[in-house]
Amino acid sequence: MKRKVAVIFCITMIMCALPVFALTFSDLTNAHWAYENVMGLVEKGVINGYQDGTYRPENDVTRGEFFKLIVTSVDDEEYIESFYGFMKPLLPHWASMYALYIEDEGCMMAEKTVTDLDTSISRLEMAVTIAKIAMKNNLRNIEEDYYPEKLTDLTELSEENRLYVEYVVELGIIKGYEDKTFRPNQNMTRAEVATVISRVLERK
């Protein structure tokens, strides 16, 4: 009996000493520009891949996917469940609970609703939502010597939306491109969103 216990103890010690390997994706190597951000969120349980072992970094992110990511990044999942969990059987979409939370918190873009959650989210809508959440959660830029350049393609936006975009850019959460454009109507990829969510978590 003592020998059996000793063997089990030794096996346990060996298992504990073995390194724990992070989940990897067949289509995402450490050469990808967003690799560290993606894997950091995977390790935190914030984001995951698909059942076939891929992450699909260049796929567009839907509004529903983004709402879940941003909500669970700034608030505890159990807290959200305590308010909206009982409604799940009645809700039309798996992400409706998160969209309702965004709306109830006053963080939904004015022109948008809690429907159409399977459509791709634009950089503009993401920026507006994050700006409102950042204000509520008192997020601050942590990057030293960060001086965002003036963006050249925001003139067609409403003054309200332009100010939200500029605020998020000043926080360093969503940045412009090298040509000094923001491209508000462009969709966001899974790689880009992983980077954005990582920056939100850094500024909490």
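Me: Which residues does Ile80 touch, leaving out those up to four places away in sequence?

Reply: Happy to start there. In this predicted model, Ile80 touches Val71, Asp75, Gly85, Met97, Tyr98 and Tyr101. Ile80 itself has its place in helix H4, which spans residues 77-84.

Me: Is Ile80 buried or exposed?

Reply: The general idea is to compare the relative accessible area with a cut-off, and a residue is called buried under 20%. Ile80 has a relative accessible area of 0%, so Ile80 is buried.

Me: What separates the C-alpha atoms of Ile80 and Tyr98?

Reply: A distance of 7.9 Å separates them, while the two residues are 18 apart along the chain. Tyr98 is also one of the residues that Ile80 touches.

Me: Let's step back to the whole chain. How many helices and strands are there?

Reply: The chain has 8 helices and 0 strands. Reading from the N terminus, the order of elements is α-α-α-α-α-α-α-α.

Me: And what can I say about burial and surface for the chain?

Reply: The chain has 204 residues, and 41% of them count as buried.

Me: How should I read contacts by their separation in sequence?

Reply: Take the contacts between residues at least 6 apart in sequence, then ask what share joins residues at least 24 apart. For this chain, that share is 73%.

Me: Now a pair of helices. At what angle do the axes of H3 and H6 cross?

Reply: Helix H3 covers residues 63-74 and helix H6 covers residues 123-137; their axes cross at roughly 15° and come within 12 Å. Angles under 35 degrees count as roughly parallel, and H3 and H6 are therefore roughly parallel to each other. The crossing is right-handed.

Me: Which residues of H3 and H6 meet?

Reply: From H3 there are Arg63, Phe66, Phe67, Ile70 and Val74, and from H6 there are Glu125, Met126, Thr129, Ile130, Ile133 and Asn137. By class, this contact of H3 with H6 holds 7 nonpolar, 2 polar and 2 charged residues.

Me: How do the axes of H3 and H8 run, and what follows from the angle?

Reply: The H3 and H8 axes come within 10 Å and cross at roughly 20°. That angle makes H3 roughly parallel to H8. This crossing is right-handed too. H3 contributes Phe66, Leu69, Ile70, Ser73 and Val74 to the contact, and H8 contributes Val193, Ile197, Val200 and Leu201. The classes here are 8 nonpolar, 1 polar and no charged residues.

Me: Is the crossing of H3 and H5 left-handed or right-handed?

Reply: H3 passes H5 in a left-handed crossing. The axes come within 8 Å, at an angle of roughly 65°. On the H3 side, Phe67, Lys68, Ile70, Val71 and Thr72 take part, and they meet Tyr98, Ala99, Tyr101 and Ile102 in H5. The contact of H3 with H5 has 7 nonpolar, 1 polar and 1 charged residues.

Me: Let's turn to loops. Where is Thr62, and which residues does it touch?

Reply: Thr62 sits in the loop between helix H2 (35-44) and H3. Leaving out residues up to four places away in sequence, Thr62 touches Leu117, Asp118, Thr119, Ser120 and Ile121. With a relative accessible area of 14%, Thr62 is buried.

Me: What is there to notice about phi of Asp116?

Reply: The general idea first: most residues other than glycine have a negative phi. Phi of Asp116, however, is positive, near 55°. Asp116 is found in the loop between helix H5 (96-104) and H6. At 53% relative accessibility, Asp116 counts as exposed.

Me: What is phi of Lys180?

Reply: Lys180 has a positive phi of about 70°, although it is not a glycine. Lys180 lies in the loop between helix H7 (159-171) and helix H8 (190-202), and counts as partly exposed at 37% relative accessibility.

Definitions and conventions: Residues are numbered from 1 along each chain as its sequence is written. This is a predicted model: local features need pLDDT of at least 70, side-chain atom pairs count only at pLDDT 80 or more; totals for chains, interfaces and linings use all residues. Side-chain values use heavy atoms; hydrogens and water are left out. Axes are lines fitted to C-alpha atoms, for helices over the stretch in contact, and angles run from 0 to 180 degrees between N-to-C directions. Helices (H or I, at least four residues) and strands (E, at least two) are DSSP runs, numbered from the N terminus. Angles under 35 degrees count as roughly parallel, over 145 as roughly antiparallel, 65 to 115 as roughly perpendicular and the rest as oblique. A crossing is left-handed if the near helix is turned anticlockwise from the far one by less than a right angle, and right-handed if clockwise. Contact means heavy atoms within 4.5 Å. Ala, Val, Leu, Ile, Met, Phe, Trp, Tyr, Cys and Pro count as nonpolar, Asp, Glu, Lys and Arg as charged, and the others, Gly among them, as polar. Buried means under 20% relative accessible area, exposed over 50%, partly exposed in between (1.4 Å probe, protein chains only).
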